[in-house]
Amino acid sequence: MALNTYFYGSVFAKAFSGQINVPTDTIKIALVGPGYTPNRNTQGAWSTVSPNEVSGTGYTAGGQALANKALSYASYKMKMDADDVTWTGLTANVRWAVVYDDTATGKPLIGYVDLGETLSLSNEDFTIQFSFFESDPDSGAITSGSGLFEIEVS
């Protein structure tokens, strides 16, 4: 199942100003419970999310660092990608997965994954696969690809 992903609005100014450096900074993905309500316009720092971070067996506070991060651009699309992430034996109620820069001052938010519903996990291996499906607006063809976040610049 492809999951919806969203950028936080402030990420662009922070990336263009050099505060966020995806290739060299430690970028993490953390799991967040149903008490959190994302606001892409007003939230910009990990401190606005962390009170709702899950806790439980199989989870370490702060989340996991993304491995093999990559930025690419092709066919009018900029993409941020990384290896898929797995939590082994996870017991928690999870609603969102939030991506943030753990190196930069203030730990700026980058984006989040909408899991669609609260998942009540009990000693389960939980994997987030960074992939997507999209419909071509001209032909209607469905295509798939990999990537954590993608933005079209045309």
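Where is asparagine 68 found in this protein? Asparagine 68 is found in the loop between β3 and β4, the latter covering residues 70-74, and the sections below place that loop among the other parts of the model, which is a predicted one.

## Overall make-up

The secondary structure of this predicted model comes to one helix and 10 strands.

Of the 154 residues in the protein, 40% are buried. The accessible surface of the protein amounts to about 8000 Å², and carbon and sulfur atoms account for 48% of that surface. When contacts between residues at least 6 apart in sequence are considered, 71% of them join residues that are at least 24 apart.

## The five-stranded sheet

Five strands make up an open sheet, in the order β1-β7-β6-β2-β3, and the pairing in this sheet is antiparallel. Strands β1 and β3, the latter made of residues 64-65, each have a single partner strand, and therefore one side of each is left without a neighbour in the sheet. In general, the strands of a sheet pair through backbone hydrogen bonds, either parallel or antiparallel.

Strand β7, which spans residues 109-128, pairs with β1, residues 4-7, in the antiparallel sense over four bridges. In this pairing, valine 113 of β7 is the bridge partner of threonine 5. Strand β7 also pairs with β6, residues 85-101, again in the antiparallel sense, and here the pairing runs over 12 bridges. Within β7, isoleucine 128 stands opposite valine 85, while threonine 127 stands opposite threonine 86.

## Two asparagines with positive phi

Asparagine 68, in the loop between β3 and β4, has a phi near 55 degrees, which is a positive value in a residue other than glycine. Is asparagine 68 buried or exposed? Asparagine 68 has a relative accessibility of 59% and so counts as exposed, given that the cut-off for exposed is over 50%.

Asparagine 123 likewise has a phi near 55 degrees, a positive value in a residue that is not glycine. Asparagine 123 is found in strand β7, and with a relative accessibility of 58% this asparagine counts as exposed.

Arginine 95 lies in strand β6. With a relative accessible area of 15%, arginine 95 is buried, because buried means under 20% relative accessible area. Leaving aside residues up to four places away in sequence, arginine 95 touches Val32, Gly33, Pro34, Val113, Asp114, Leu115, Gly116, Glu117 and Thr118.

Arginine 40 is found in the loop between β2, residues 27-32, and β3. At 40% relative accessibility, arginine 40 counts as partly exposed. The contacts of arginine 40, not counting residues up to four places away in sequence, are with Tyr6, Phe7, Tyr8, Gly9 and Tyr112. One of these, tyrosine 8, is 32 residues apart from arginine 40 in sequence, yet the two are 4.4 Å apart in space, C-alpha to C-alpha.

## The largest pocket

Rolling a probe the size of a water molecule over the atoms shows where empty space is left. How much space lies in the largest pocket of this model? The largest pocket holds about 270 Å³ of space. This pocket is lined by 13 residues, of which Val11, Ala15, Val22, Leu71 and Met78 are the closest to its centre.

The elements that give two or more residues to the lining of the largest pocket are α1, residues 11-16, and β5, residues 77-81. The largest share of the lining, four residues, comes from α1. By residue type, the lining of the largest pocket divides into 12 nonpolar residues, one polar residue and no charged residues.

Methods. Residues are numbered from 1 along each chain as its sequence is written. This is a predicted model: local features need pLDDT of at least 70, side-chain atom pairs count only at pLDDT 80 or more; totals for chains, interfaces and linings use all residues. Side-chain values use heavy atoms; hydrogens and water are left out. Two strands pair if DSSP finds at least two bridges between them. On a 1 Å grid over the protein atoms alone, a cavity is a set of points where a 1.4 Å probe fits but cannot get out, and a pocket is an open set with protein on both sides within 12 Å along at least five of seven lines; lining residues have an atom within 4 Å of a point. Grid points are joined across faces, edges and corners, and a volume is the space filled by probe spheres set on the points. Ala, Val, Leu, Ile, Met, Phe, Trp, Tyr, Cys and Pro count as nonpolar, Asp, Glu, Lys and Arg as charged, and the others, Gly among them, as polar. Buried means under 20% relative accessible area, exposed over 50%, partly exposed in between (1.4 Å probe, protein chains only). Contact means heavy atoms within 4.5 Å. Accessible areas come from the Shrake-Rupley method with a 1.4 Å probe; for residues, only the protein chains shown count as cover.
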